[in-house]
Amino acid sequence: MIIELEPMSEKPLYEQLILEIKRGIARGQLKPGEALPSVRSLASDIGINMHTVNKVYKYLAEAGILQKVRSGFCVSTSLPLKPTPKTSAQIRQVVRELVIEKNLYQMSHEEIVSLMGDIEEELSCKP
Amino acid sequence: MQTLILTMAFSFITVGVVTAISPLWTRKHLQFGVTFPEDARLHPKIRALKKRFFWANLMATVFFMLPMFAGFLLGYEGEQHARFLSIMGTGGISALALFGFFSYVAAHGAAKKIKQAHFPSPTPSGYSPKLMVSTNFRNEKMAVPTGVFVFWGLGIVALTAFLPFAFWERIPAQIPVHWGADGEITRWADKSIRSVLMLPLFQLLIFPVLVWANHALKKSKQVLDPKRAQVSMEQNQAFRLAWSRFLVFTGLSTLGIFLALQTATLFAIQSANFILWGTLIWMAALTFYAVKISVKYGQGGEKWQPKGAAPIASQEPGILDNDNFWKLGLFYYNPSDPAIYVERRFGIGVTFNFARWQAWAMTGAIALLCVISILIPVRMM
């Protein structure tokens, strides 16, 4: 897959990278069992510290999304992916924030669903 | 004598012409090491700058080459003439290279001024530059494997080292160790294990440099254009593979020349003229091969279109502008970047991130290699 990052964005690269890998797996661009680049190689290509990439891989491994193999990290082969209790709590938190915004600006349910549709389309158009 | 003159003249032309046309095969968004929008390369000021640079370096090539021929006017002959030619030639090429460097620095300064005046940094609202990285970049075939390169290379070195021992009785008591400008033998040494292994030693000094260059090509940071990520990835991979093959060809054929030289040494072939001519023709062939790849692919493969790729016209910004990390647009210095090898900004190829200690270690090692290769024959005389 081709990872897309915005170095100048407010969102830290660490979080962007986690999201991008998740996006790649969700879209099937990173297949189960597929090896990810080595920590050194990816860090070098992006231009960030190796510890940052290592943190990303470790975080995703703990969440059960990646698995550690001898030569590095690869996409988990245990399908379908099930969120860990920690991940479930994080998803709940994200939705909680969305619901607060929805209520604050009195957006309708349909608006949110439509917005989700737009974003799905946007994500599927990305390389 | 002729081969010496031709070799020198050829080196002059290569150095000068390659410098002169370097702006032509640099990436579209770069002018003399400064980031510009892609269509800036059509701007009259930029075109004028490139033209001036081209002609200045072309004329400098002729200018610095001329003193070499003074030997004819001064009536020098034989060894004296050869020495004069070598000194004038080497001095001239060094001067030409320095001229190339300073003319580039001047052009770089001019480009910066043009950018400030005509292309101030675009910051449309909501614009955030993108960085694209492929997870499959080095999985595809994009370089000749180091193992393959080393295997064949060491095979040739082993053959070169083994040859004297296989034919020990046939080798005369004295072997030639230096040839003059006309291919005649000018210095001899006693046949010994040390003297017959001198050439394999040189092979072992030169070969690692090319293996390492191939390695650097593989490891060098990806450069994907956000406007055409997939296409630019294929271009970059094809570019690296082409140059990797070139390096392997150069490396193995260089070792082959040493093998031929060893044969001439051991059997004291009186005139190595055919080796001198052979080397010259080989050098010319290599140069044409390199120029061909450069013209075909440009830097990073940008000039080459993969099959089925339509040129994409997009107004969106492309590759990241990190001008501030490039000193003089030539030397990359970025302490927070773990990459050791990055793509060059001017010309074809790969350069160092000088914020990494490995870059300095390797530069030092190359310098040391040069010194050692000069000292070895001196010690042997």
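Two residues are in contact if their C-beta atoms, placed from the backbone, lie within 7 Å. By this criterion, and leaving aside residues up to four places away in sequence, A:Leu66 touches A:Leu36, A:Tyr57, A:Leu60, A:Ala61, A:Phe73, A:Cys74, A:Val75 and A:Ser76.

This is a predicted model, in which local features need pLDDT of at least 70 and side-chain atom pairs count only at pLDDT 80 or more, while totals for chains, interfaces and linings use all residues. Residues are numbered from 1 along each chain as its sequence is written, and chains are lettered from A and ligands numbered from 1 in the order in which they are written.

**Confidence in chain A**

The predictor's confidence in each residue is expressed as pLDDT, from 0 to 100. Chain A has a mean pLDDT of 91, with 98% of its residues at 70 or more. Helices and strands are DSSP runs numbered from the N terminus, a helix being H or I with at least four residues and a strand E with at least two. Within chain A, confidence is lowest in helix H5 (residues 109-125), at a mean of 89, and highest in helix H3 (residues 50-62), at 94.

**Nonpolar cores**

A residue is buried if 20 or more other C-beta atoms lie within 10 Å of its own, exposed if 12 or fewer, and partly exposed in between, with C-beta atoms placed from the backbone. A nonpolar core is a set of buried Ala, Val, Leu, Ile, Met, Phe, Trp, Tyr and Cys residues joined through C-beta atoms within 7 Å. The largest such core has 31 residues, and A:Ile46, A:Val53, A:Tyr57 and A:Leu66 have the most contacts inside it. Two or more residues of this core come from each of strand S1 (2-5), helix H1 (13-26), helix H2 (39-46), H3 and strand S3 (72-75) of chain A, together with strand S3 (131-134) of chain B. A second, separate core comprises 13 residues, including B:Phe32, B:Leu49, B:Ala107 and B:Ile114.

Strands pair if DSSP finds at least two bridges between them. Strand S2 (residues 66-69) of chain A pairs with S3(A) in the antiparallel sense over four bridges, and a hairpin joins S2(A) to S3(A) through two residues. In this pairing, A:Leu66 stands opposite A:Val75 in S3(A).

Helix H2(A) is mostly covered, since seven of its eight residues are buried. The buried residues are A:Val39, A:Ser41, A:Leu42, A:Ala43, A:Ser44, A:Asp45 and A:Ile46. Their cover includes S1 and H3 of chain A together with S3 of chain B. After H2(A) comes A:Gly47, whose phi is positive, near 95 degrees.

**The contact between chains A and B**

Chain A contributes 21 residues to the contact and chain B contributes 17 residues. On the side of chain A that touches chain B, S1 and H2 of chain A each supply at least two residues, and H2(A) gives the most, with five residues. Ala, Val, Leu, Ile, Met, Phe, Trp, Tyr, Cys and Pro count as nonpolar, Asp, Glu, Lys and Arg as charged, and the others, Gly among them, as polar. On that basis, this side of chain A has 13 nonpolar, five polar and three charged residues. S1(A) and S3(B) run antiparallel and are joined by four bridges; A:Glu4 has B:Met132 in S3(B) as its bridge partner.

In chain B, the contact between the domains takes 22 residues from domain 1 and 25 residues from domain 2. On the side of domain 1 of chain B that touches domain 2 of chain B, helix H1 (2-21), strand S2 (34-35) and helix H4 (78-118) of chain B give two or more residues. H1(B) gives the most to this side, with six residues.

**Chain B as a whole**

Chain B contains 10 helices and nine strands. Of its 381 residues, 32% are buried. Its C-alpha atoms fill a box of roughly 80 × 50 × 40 Å, taken along the principal axes.

B:Leu197 lies in the loop between helix H6 (193-196) and helix H7 (198-219) of chain B. B:Leu197 is partly exposed because 16 other C-beta atoms lie within 10 Å.
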